[in-house]
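Please look through the sequence and the structure shown here.

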2 protein chains.
Amino acid sequence: MSSNIVWHSHPVDQQSRAEQKSQRPLVIWFTGLSASGKSTIAGALEQILTQQGYHTYLLDGDNVRHGLCQDLSFSDADRQENIRRVGEVSKLMADAGLITLAAFISPFRADRRIVRDILPEGQFVEVFVDAPLDVCRERDPKGLYAKADRGEIKQFTGIDSPYEIPENPEVHIHAEQVSVAEAVNQLLAYLHESGVLHAGYEPVAIEA
Amino acid sequence: MSSNIVWHSHPVDQQSRAEQKSQRPLVIWFTGLSASGKSTIAGALEQILTQQGYHTYLLDGDNVRHGLCQDLSFSDADRQENIRRVGEVSKLMADAGLITLAAFISPFRADRRIVRDILPEGQFVEVFVDAPLDVCRERDPKGLYAKADRGEIKQFTGIDSPYEIPENPEVHIHAEQVSVAEAVNQLLAYLHESGVLHAGYEPVAIEA
């Protein structure tokens, strides 16, 4: 048996891709200082969402800086181009129907604004992962602050390159005051309230 | 009730994303002259796959040239960078567990090779949409060949920029000899034989 299909009048689009996944596409954008906890929180949220049946993807420095953006430095212009490209890829991922998480320092307000503006209305959630510079410097899991202090890394955000605080983020996580599980629950509560998650989500506890 | 989850030891990866979608991630790369039928065939295949429950995404000039690659011209170097970026995005899409279709002229053999090489083994399928230059020039749905003939477009593939024929594509479609439905069925047969599709696919008839 074969079926007759008229494909030009019904191309596969964001809506049909999202309906197939029973979810609302979205870009959840984590911004904050190096070592503030962006990737950890985003990764934990992604795991919880996946376990609950949502279709997700996580973009971060690990899968972008060695591939799509391998030609870019950390100059202001290249940081801007880095975020522009990641924003465009986030848009494609959301167009694919996915709940897309992006974890990048993304220090400049104008660049984050550009990402918000290229996405369809209501599909950008800005999450400020707010940890004091002293706390981040203390953690310094990759030794980057130490290198920046010694002048071995130039234009390091918080040291000799500015971080512009979000003025009106959808979610503000006080990362030095909450556990990863609490941060994830704060995000789940926001996503639930804004109608992204199905009814009946449960707060989670997470062990490291 | 809350669950205790150790997320660092089980990050969400390609395998878990693909298992969630009950499919094997793949990049199906359509190459050929302008107006050879790449986008039409890719769009029809995507629609059939989606109707059969597969999770897909289609990358083409429409969603890339005005976004991610809006800064690029059609010079050799920029064509190369265009395909490099699309290849990296295809890799991310496949990493997200999706069956990714990419329809780009992609005239240079070395550039297509680079995309093949950055993907995990067996996740790249090269589809040569082979239509004679005369046929493409006759179709010319966007009037591009006419513009190239008048010199209004420079470096147009097949006119004053070369197209390097694939030497060993996984699928070779003789686009001037088959209908879109036949091309789609040729692709479905290949995907079936190579274990990408579940058992029991049916050939389809497609009305334009």
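On helix 5 of chain B, the face turned away from the buried side carries the exposed residues B:A110, B:R113 and B:D117. Here a residue is buried if 20 or more other C-beta atoms lie within 10 Å of its own and exposed if 12 or fewer do, with C-beta atoms placed from the backbone. This is a predicted model, in which local features need pLDDT of at least 70 and side-chain atom pairs count only at pLDDT 80 or more, while totals for chains, interfaces and linings use all residues. Residues are numbered from 1 along each chain as its sequence is written, and chains are lettered from A and ligands numbered from 1 in the order in which they are written.

Helix 5 spans residues 109–118 of chain B, and its buried residues are B:D111, B:R112 and B:V115. They cover an arc of only 100° around the axis, so they lie on the same side of helix 5 of chain B; the arc is that of the directions from the helix axis to the C-beta atoms. These buried residues pack against strand 2, helix 4 and strand 5 of chain B.

The sheet in chain B is open, with five strands in the order 3-4-2-5-6 and parallel pairing. Strand 3 (56–60) and strand 6 (171–174) of chain B each have a single partner strand, so one side of each lacks a neighbour in the sheet. Two strands pair if DSSP finds at least two bridges between them; helices (H or I, at least four residues) and strands (E, at least two) are DSSP runs, numbered from the N terminus. Five bridges join strand 2 (residues 26–31) to strand 4 (residues 99–103) of chain B, and B:W29 has B:A102 in strand 4 of chain B as its bridge partner.

Conventions:
Contact = placed C-beta atoms within 7 Å.
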